[in-house]
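Let's get to know a protein model together, one question at a time. Have a look at the sequence and the 3D view, and then read on.

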Amino acid sequence: MKKLIEIFTGDNGEISSKRVVGVIGALILFTSLVISTRIELHPSKELVEAVEWVVILCLGFTSIDKFAK
């Protein structure tokens, strides 16, 4: 449990909302894609792209915060 909390904390020890949203978004994206392919539904392209951009931007901004002052 401690290791899991360390994943979501930033350099100053606070929980990073961008990391939380990014990881949750990634899990939702992966889950929805696996479920939709298992039951042979095709998720809408717009939905996949929207979730993809949210995840990319959240995790990207987290990386930028590490290097920017």
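Q: Which residues of α2 are buried?
A: Buried means under 20% relative accessible area, exposed over 50% and partly exposed in between, using a 1.4 Å probe and protein chains only. Helices (H or I, at least four residues) and strands (E, at least two) are DSSP runs, numbered from the N terminus. By these cut-offs, the buried residues of α2 are Arg19, Gly22, Gly25, Ala26, Leu29 and Ser36.

Q: Within what arc do the buried residues of α2 fall, seen down its axis?
A: An α-helix has 3.6 residues a turn, so residues three or four places apart point the same way. The arc is that of the directions from the helix axis to the C-beta atoms. In α2 the buried residues line one face of the helix, because they fall within an arc of 150°.

Q: Which residues are exposed on the other side of α2?
A: This is a predicted model, in which local features need pLDDT of at least 70 and side-chain atom pairs count only at pLDDT 80 or more, while totals for chains, interfaces and linings use all residues. Residues are numbered from 1 along each chain as its sequence is written, and side-chain values use heavy atoms, with hydrogens and water left out. The exposed residues on that other side are Ser17, Leu27, Ile28 and Arg38.

Q: Is Ser17 buried or exposed?
A: Ser17 lies in helix α2, which covers residues 17-38. Its relative accessibility is 53%, so Ser17 counts as exposed.

Q: How far apart in space are Ala50 and Leu29, C-alpha to C-alpha?
A: Ala50 lies in helix α3, while Leu29 is one of the buried residues of α2. The two are 21 residues apart in sequence, and their C-alpha distance is 9.9 Å.

Q: What is the relative accessible area of Phe61?
A: Phe61 is found in helix α3, residues 45-67. Together with Trp53, Ile56, Leu57 and Ile64, Phe61 forms a nonpolar patch on the surface. Phe61 counts as partly exposed because its relative accessible area is 43%.

Q: How many helices does the protein chain have?
A: From the N terminus on, the elements run α-α-α. There are zero strands, and the number of helices is three.

How values were computed:
Patch = residues over 30% accessible without salt bridge, like charges linked within 9 Å, V, L, I, M, F, W, Y side chains within 5 Å. Areas by Shrake-Rupley, 256 points an atom, 1.4 Å probe, with all protein chains shown as cover. Salt bridge = Lys/Arg side-chain N within 4 Å of Asp/Glu carboxyl O.
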